[in-house]
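I opened the model to check a few things chain by chain. These are my notes, in the order I made them.

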4 protein chains.
Amino acid sequence: MNFQHSEKSIALQKQLKRFIAEHIHPIQEEVQAFHLDPSNAWKKWPGLYGLKEKAKGEGLWNLFLPKPYGGLSPGLTNLEYAPLAEIMGRIPWSSEVFNCSAPDTGNMEVLAKYGNQQQQETWLRPLMNGTIRSTFLMTEPEVASSDATNIETAIVADGDDYVIMGRKWWASGAMDPHCRIAIVMGKTDFNAPRHVQQSMVLVPLDTPGLKIERPLSVFGYNDSPEGHAEIVLDKVRVPKENLLVGEGKGFEIAQGRLGPGRVHHCMRLIGMAQHALELMSQRAVERSPFGRSLDTFSSIRQEIARSACEIEQTRLLVLSAADKMDRVGNKEAKDLIAMIKIVAPNMALKVIDRAIQIMGGMGVSGDTPLAYFYASARTLRLADGPDEVHLSQLGKSTIKKYIKT
Amino acid sequence: MNFQHSEKSIALQKQLKRFIAEHIHPIQEEVQAFHLDPSNAWKKWPGLYGLKEKAKGEGLWNLFLPKPYGGLSPGLTNLEYAPLAEIMGRIPWSSEVFNCSAPDTGNMEVLAKYGNQQQQETWLRPLMNGTIRSTFLMTEPEVASSDATNIETAIVADGDDYVIMGRKWWASGAMDPHCRIAIVMGKTDFNAPRHVQQSMVLVPLDTPGLKIERPLSVFGYNDSPEGHAEIVLDKVRVPKENLLVGEGKGFEIAQGRLGPGRVHHCMRLIGMAQHALELMSQRAVERSPFGRSLDTFSSIRQEIARSACEIEQTRLLVLSAADKMDRVGNKEAKDLIAMIKIVAPNMALKVIDRAIQIMGGMGVSGDTPLAYFYASARTLRLADGPDEVHLSQLGKSTIKKYIKT
Amino acid sequence: MNFQHSEKSIALQKQLKRFIAEHIHPIQEEVQAFHLDPSNAWKKWPGLYGLKEKAKGEGLWNLFLPKPYGGLSPGLTNLEYAPLAEIMGRIPWSSEVFNCSAPDTGNMEVLAKYGNQQQQETWLRPLMNGTIRSTFLMTEPEVASSDATNIETAIVADGDDYVIMGRKWWASGAMDPHCRIAIVMGKTDFNAPRHVQQSMVLVPLDTPGLKIERPLSVFGYNDSPEGHAEIVLDKVRVPKENLLVGEGKGFEIAQGRLGPGRVHHCMRLIGMAQHALELMSQRAVERSPFGRSLDTFSSIRQEIARSACEIEQTRLLVLSAADKMDRVGNKEAKDLIAMIKIVAPNMALKVIDRAIQIMGGMGVSGDTPLAYFYASARTLRLADGPDEVHLSQLGKSTIKKYIKT
Amino acid sequence: MNFQHSEKSIALQKQLKRFIAEHIHPIQEEVQAFHLDPSNAWKKWPGLYGLKEKAKGEGLWNLFLPKPYGGLSPGLTNLEYAPLAEIMGRIPWSSEVFNCSAPDTGNMEVLAKYGNQQQQETWLRPLMNGTIRSTFLMTEPEVASSDATNIETAIVADGDDYVIMGRKWWASGAMDPHCRIAIVMGKTDFNAPRHVQQSMVLVPLDTPGLKIERPLSVFGYNDSPEGHAEIVLDKVRVPKENLLVGEGKGFEIAQGRLGPGRVHHCMRLIGMAQHALELMSQRAVERSPFGRSLDTFSSIRQEIARSACEIEQTRLLVLSAADKMDRVGNKEAKDLIAMIKIVAPNMALKVIDRAIQIMGGMGVSGDTPLAYFYASARTLRLADGPDEVHLSQLGKSTIKKYIKT
């Protein structure tokens, strides 16, 4: 047992921090102003692609992908990637600079693991090159999608094609002007056993019948330029080659997709919480109500101390989950993955909320990243399965582990 | 002791509910769509003034003002007004229909109590008629405004005028196209004892030197059309007649303004929480993950039961505070007023958060009022003094009450 | 709506407080020392009966019973009794001085409401006179007794007798040397519909076959002299006249017994919490770690302020439940009764725990009543149905109230 | 970074578990019954010394001491000892079997680190041999001892002796019939700078003037046979050789004593929490209220899942603190040590409380170890400094770390 990062990992962390300090910090306000201007809705900040090239040139690119694929990734383990995701999480839009942003990361993993050569050539390569973006169509507004077996989108075989009918929402990234491809989860067989009814197909975003109905907001934010879309699939026709792996494999692929994605989300949440902790610590020495600096109030010290404890505990839990995934695989690590999915968003929300409170009115405004952090972290108590689903599975699994037989 | 509302109060509640059911529910979606359209930013929904006339015609007008003023208010007690504020709180923008929206309510109270005849004629009458709106300039970005003695805006006597220099923010309502008047808190004497340095002056919004720099956002909401403004006062010159009461009276007026305003805010929060409770109860019977209706899950029942308990407890506390204010005055009721200011926003946040969770992704979007409720309630842990200030005062006062002498 | 106690109620509160100040405060340490001495286990403090006579002489007797019975009770409403129960709750053993202690109160209510003349003459009269004590045998160690239909004790008709077989525990009061009578819940018909299988019979404590196996402890306390017993009923034979009301009425009687009992418990809990609040307020001005008096620390003030808020909210909720029971009956008030049963013990535990923390090591010792308060309050999250049962019923009932039909 | 214990550590864990399964589990009930019998108060269970010899024979002895001392300890690192302390924590009295129980462990560390040869020969050797026990006299009833500089016990030089005057309490272990030696903290110079006024002296328990006034209880437990004593030191005279290190070194020794002791306490707390988790998991499948097994209720699964998360997070935090202490020393690890001292008792209390609730009435009784666990864990929010002191230090240190300079 050893709680220190490897030298390789520490070197990468330093490199990433330096890149962010040099190239991202100086332009943060410009980027925020660009996206706050309603006339720039759903447009990308023009400087982004230059930055991406710079990052790619430094090898800070596709850091998330455990296996090097065509030389476009350094092939880091989950444990090596985790602290890098934390660093990127401090500035949410920075992940894209390093081609490490959701949902592309999860989609690339799916294509790398389950895509055939043709599918990889057509979609994985440009995704890994960062020239296009992607979306994932799973959740549906009409059913309790926390239970994936409830999904009602139909994928009907018709000659050499599949015809897709359904309505999806929370298609993150679909509003991005560079979004080209959707992975769509639906049912090819409504009469099969519950976990083999589902399949996944690749649907180019310009396929006739696929219509983006509207962007959804999250606590008033539209998350431009990526956004979260509600999408109708009205007799969307794709060739059968667009199927991933095989009919009935959708549920299995969905499960496999989630492990690393959860580690990424959780590490980014830790980055947000850590950033919030630093902001409130800094604020505490700057303000003096009632004749004393805030940092001398015992209640303020307690809030900050509790936050430090909660962040460190969660960081260790996520790192231990990453390590277990690396050692024994996602399946064996499923209880730990459930744990981090439960713990990290709730921890981040608590810490960010305390920081908002210490900031005063500024905390809920756009003058700090805190309100946006809060909205993002809140969403992650719902996305990829609400807390309740993970608690229930973990509870069941824990009971099973300890009952006397 | 008696926990039932009077017949008069019950009749008013029924009348208000009927008005809302007939005239507001049917147009809610239209109003929301109007304000979501960025091209309508800072414009009022055109139908609003017709609705206001209708409400005024029914006597559902200025319900908040304890004393009838020129026949423009029914003169309800705080206890009678409280359940009406709860009903309006369910649909945040509806308060304006009944001329009961902040910050006008507090400003009208100040003018009714501290304004001279001339000031009342010029500003109170049109405010009570609902033809203009107002704002309140207290909080400053540069100092810890939770301690009002920190305020740095200068009000300098210069011949027959005052000249005002300062920077304010969180000027709610200032973006409203009908906003005409600001009550400005500043210091007329920086060397006087701490609580008599402050004065309040009336500053018409079109006075030269008063510049609205920008609207602030709350989470991702801009709260159009009222908004929250950051305002610069650069050598703003007003005649000395615009002073309220007298120099050095600013702190005292500020204290007097806060009591009823807190009851109003708290009752509206209870309306939000109650609305959230009803939404989650309804959702619980509509969704069935894992083969069972949500309302049969013990954890869901617990969330709903706890919410019902917390709402009812807080409602009783706020009503008891209103009753005490009516009986013995705001000053004697100050501990109870501190209690509700602490309890109500935190309670509402808990209940709304549970409702968001039960709603799933829809809960954070604009498809329910919950995310907006959350942002509003969160702000009220900071506005009118952060939790910490009220906790500290109440704690001090409680200790004093129980120590042996 | 009116939040002030009636003059009659205020006068009674004063009288009770004066009695306690004059006759109970001076001997508290003596009584505690008596009961801490292991050689006095299961003995009553000799001075108790003198005190009881004094209280009876002042009319401070059987205050809990809503209907005067044979001139032995003033016949107070629940709303009038509530603040008296709060006062007694501050010193747990004091309830018995006024013949207001559980489980006798609930048992007397059962006998007053469901007992026939003979049963009342034999058992109710001496109970109301305070010459004997009683116990209630409901919970069983072998089944989940939170669901009363699980109970397995058999009451079998045999000629003119019933023969009882079963094992009970948490028979509070059964260790008291004056305990003479048990009300026993069991099943007379295991094949009847679930809620009419149960019956209640009166079993004198000296009936052959009734064996007290052992006293149970609560967090190390044995609660001498009343205690909580585990009791075996081995072919206990009683005449059929000992049946209450009729066969199959046990569940109904149990339900009826619980309403007022819950108000009593909850008001006593508020008394404990209030006492804890006063102790911690007093302590805060007595201690000075790190050069400052504890009461100047913002965190201490917050703990005290939150406690004051939580106590006041719960007090109002319990009073409103008492009022509703008085006005419309226990059945109509069932949601409010569930609310207080959920809210009061949890509130008391939070407040008492904060007081323990502020007291330091002394808080967990026997030098303050706090550790004992904690143990008592913790038990009340389980007794008369665990939180979960009440949350589930209240949740279900709340959902039903708000779903659209 | 690596989250797996070393082979050496795993082997020791197995050996210890096997010893407990073979030699301690079978006699647990006998030991508990012995100590519950009031006539055995302050007596040791006669079989204990046989067990200790057996453990010593197997090398499961003085596992806590990082440096081997005279062949009486295997010299484990903190990281190696931590999981062993967790295992012992499951059965509180078992620590003594392995000569690993507080306060002896801390006292032995002090003697090993600060004692001279004579002091080690006289006191450390028999302590390490397990033939005598010891106590630590620090906390005083009259002052806020959370601030050690408040201590008022005087250690006055008088010729070749020191004369000690003072009153101490919470002297754990002092009631043990084998307790022979006390380490006493007092002031040798009331006028020196605040942190060099204190000194520590060794005081044999039979020194004239040292009087055990009474045992203190924790909730209702007296913790026989070790107990917690209040002790008066009335002109207690010891030779100057009994001073540890030098005058004015008391505060420094106290600080050094606390690091490892906190890791031990925290790991034992994790053992308690883990045991509680297993008990509630087992109970969940055994009980069926309302026709369904408890383990199928979503609320029960959530309680168990949350407990599993909280235990694992805390375990990792404590292990990382142990590792840091091993690598860079207690001083450098002080923030992590503060974190675990804050986090572990609070976590354990939450988990144990949930287990109590799931157990029902049995949970508060002596029929499970839970109520006793609760009382012990509650004490550890106060012992070795209350939460507030650690939160304050950690908060201060965290702010310092993040402010911009």
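I count two residues as in contact if their C-beta atoms, placed from the backbone, lie within 7 Å. This is a predicted model, in which local features need pLDDT of at least 70, side-chain atom pairs count only at pLDDT 80 or more, and totals for chains, interfaces and linings use all residues. Residues are numbered from 1 along each chain as its sequence is written, and chains are lettered from A and ligands numbered from 1 in the order in which they are written.

Entry: Cys100 of chain D.
Leaving aside neighbours within four places in sequence, I found Cys100(D) in contact with Leu63(D), Phe64(D), Met88(D), Ser95(D) and Thr105(D). Cys100(D) sits in the loop between helix H5 (94–97) and helix H6 (104–114) of chain D. Helices (H or I, at least four residues) and strands (E, at least two) are DSSP runs, numbered from the N terminus. Is Cys100(D) buried or exposed? I call a residue buried if 20 or more other C-beta atoms lie within 10 Å of its own, exposed if 12 or fewer, and partly exposed in between, with C-beta atoms placed from the backbone. Cys100(D) has 25 other C-beta atoms within 10 Å, so it is buried. I also looked up Ser73(D), which is 27 residues from Cys100(D) in sequence and 11 Å from it in space, C-alpha to C-alpha.

Entry: Tyr49 of chain A.
Tyr49(A) belongs to helix H3 (residues 48–58) of chain A. Tyr49(A) is partly exposed because it has 14 other C-beta atoms within 10 Å. Between Tyr49(A) and Glu96(A) I read 47 residues of sequence separation and 9.7 Å in space, C-alpha to C-alpha.

Entry: confidence.
The average pLDDT of chain A is 95, and 100% of the residues score at least 70. pLDDT is the predictor's confidence in each residue, from 0 to 100. For the complex the predictor gives an ipTM of 0.97 and a pTM of 0.97.

Entry: annotated domains of chain A.
I took the ranges from UniProt, where positions are given in the numbering used here, feature names are shortened, and annotations may be inferred rather than shown by experiment. The unreviewed UniProt entry has "domain: Acyl-CoA dehydrogenase/oxidase N-terminal" over residues 7–130 of chain A. That span is 63% helix and 0% strand, with its end C-alpha atoms 28 Å apart. UniProt (unreviewed entry) puts "domain: Acyl-CoA oxidase/dehydrogenase middle" at residues 136–236 of chain A. Residues 136–236 of chain A are 0% helix and 50% strand, and the end C-alpha atoms lie 16 Å apart. For residues 248–397 of chain A, UniProt (unreviewed entry) lists "domain: Acyl-CoA dehydrogenase/oxidase C-terminal". I read 75% helix and 0% strand over residues 248–397 of chain A, with 26 Å between the end C-alpha atoms.

The expected span of a helix is 1.5 Å times one less than its number of residues. For the 26 residues of H10(A) that should be 38 Å, and the end C-alpha atoms are 38 Å apart, which agrees. In H10(A), 24 of the 26 residues are buried, so the helix is largely enclosed by the rest of the structure. Just after H10(A), Gly360(A) has a positive phi of about 75°. In chain B, H10 (residues 334–359) reaches 38 Å from its first C-alpha to its last, close to the 38 Å expected. Of the 26 residues of H10(B), 23 are buried, so H10(B) is also largely enclosed by the rest of the structure. Gly360(B) follows H10(B) and has a positive phi, near 75°.

Entry: chains A and D.
The contact takes 44 residues from chain A and 44 residues from chain D. On the side of chain A that touches chain D, helix H8 (250–284), helix H9 (298–328), helix H10 (334–359) and helix H12 (387–402) of chain A each supply at least two residues. H9(A) provides the largest share, 16 residues. By type, that side of chain A divides into 21 nonpolar, 14 polar and nine charged residues. Here Ala, Val, Leu, Ile, Met, Phe, Trp, Tyr, Cys and Pro count as nonpolar, Asp, Glu, Lys and Arg as charged, and the others, Gly among them, as polar.

Entry: chains C and B.
The same surface serves both copies, as 100% of the contact residues of chain C recur in chain B.
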